[in-house]
Amino acid sequence: MLTVDSDPVVSPEPMLDDSAAVTAAPTRRRRITARAVWLAVWPKVAAVAIGLAIWQLVVWSGWRREYVLPPPATVFRRLGELIADGTVGSALVTTLERAAYGFGLALVIGVVVGSLVSSSKIVRSAVGSFITGLQTMPSIAWFPLAILLFGLSEQAILFVVVLGAAPSIANGLITGVDHVPPVLLRAGHMMGATGISRFRHVVLPASMPSFVGGLKQGWAFAWRSLMAGELLVVLGASVGFLLQQYRNLADAPGLIAMMIVILVVGIVVDAVLFGSLDRWVRRRHGLLAD
């Protein structure tokens, strides 16, 4: 007679108690966060390393003497000295104050002009192409007029910074408004959004991706205009003033060190401020996964 064994008793899998589960979850999140940070950082680190290697190879090639083109080690040693004695810090305070004030004023003007042009066919016909023309003007071309009008003053620098940034901000808003889907406009109209309410609750939110792009471009123009202004209009110890001073003194390490400071500030502001704003806007519009 055949006998059938009973099903073997399967012991339950060991389970983590509550405290272990709570401990495991943050660990997993930390691992994911560290990996995300590494994936975001390593391409930038690799690009910097490649750039420094090329720089060092050019120095070793003897293309220019080292007092004209110093190696990276010499430049970064000089940069460390300038940071340690407070030279870079005090210069950055002066320059960033000018940048914030000029860009803030350009933002207000750009938004007002962009709103008027995008909401009125008559205004667009009158000045729409003129704004694009202003945007294409090199900032350095404005300085003779700025110095003629305001002399060697803060107002001359502010004048050029605003003219450099405001057209880009206005064009960003105009482009965003032009690309608002008609279905959103019809939906807003059906829900009673008219006039200012329509612009505030329907048009402006829908145009934010292009508007943020205009802000980023406006910042780039403002930063470049400010550096040109500080080179031409010497008012106090600023980043541009130090750049010009080290050129006059033939201090190549100091000159290149300040160029690195200018580059780093531009990258940091774009990544931290406008990059975060861009990611937030894209996430709100469903263009970026959480």
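In which handedness of crossing does α3 pass α9? I took this question as my starting point and worked through the predicted model from there.

**Entry 1: overall make-up**

I first recorded the secondary structure of the protein chain, which comes to 11 helices and zero strands. Read from the N terminus, the elements run α-α-α-α-α-α-α-α-α-α-α. I then noted burial: of the 290 residues of the protein chain, 34% count as buried.

**Entry 2: α3 and α9**

I returned to the opening question and found that α3 passes α9 in a right-handed crossing. The axes of α3 and helix α9 (residues 208-232) come within 10 Å. I noted a crossing angle of roughly 135° for these two axes. The two helices, α3 and α9, are therefore oblique to each other.

**Entry 3: α3 and α6**

Next I looked up helix α3 (residues 87-119) against helix α6 (residues 154-178), whose axes come within 6 Å and cross at roughly 40°. That angle makes α3 oblique to α6; an angle under 35 degrees would have counted as roughly parallel. The crossing in which α3 passes α6 is right-handed. I also sorted the residues of the contact of α3 with α6 by class, and recorded 20 nonpolar, five polar and two charged.

**Entry 4: the largest pocket**

How much space lies in the largest pocket? I noted about 340 Å³. The lining of this pocket includes Lys44, Val48, Leu52, Trp55 and Phe76. Also among the lining residues are Met259, Ile260, Leu263, Val264 and Ile267. I then asked which elements give two or more residues to this lining, and found α1 (18-60) and α11. The largest share, five residues, comes from α11. By class, I recorded nine nonpolar, no polar and one charged residues in the lining of the largest pocket. Lysine counts as charged, and Lys44 is one of the lining residues.

**Entry 5: Ala250**

Where is Ala250 found? I located Ala250 in the loop between α10 (239-248) and α11 (252-284). Ala250 has a positive phi of about 55°, although this residue is not a glycine. Is Ala250 buried or exposed? I recorded a relative accessibility of 62% for Ala250. Because exposed means over 50%, Ala250 counts as exposed.

Definitions and conventions. Residues are numbered from 1 along each chain as its sequence is written. This is a predicted model: local features need pLDDT of at least 70, side-chain atom pairs count only at pLDDT 80 or more; totals for chains, interfaces and linings use all residues. Side-chain values use heavy atoms; hydrogens and water are left out. Helices (H or I, at least four residues) and strands (E, at least two) are DSSP runs, numbered from the N terminus. Buried means under 20% relative accessible area, exposed over 50%, partly exposed in between (1.4 Å probe, protein chains only). On a 1 Å grid over the protein atoms alone, a cavity is a set of points where a 1.4 Å probe fits but cannot get out, and a pocket is an open set with protein on both sides within 12 Å along at least five of seven lines; lining residues have an atom within 4 Å of a point. Grid points are joined across faces, edges and corners, and a volume is the space filled by probe spheres set on the points. Axes are lines fitted to C-alpha atoms, for helices over the stretch in contact, and angles run from 0 to 180 degrees between N-to-C directions. Angles under 35 degrees count as roughly parallel, over 145 as roughly antiparallel, 65 to 115 as roughly perpendicular and the rest as oblique. A crossing is left-handed if the near helix is turned anticlockwise from the far one by less than a right angle, and right-handed if clockwise.
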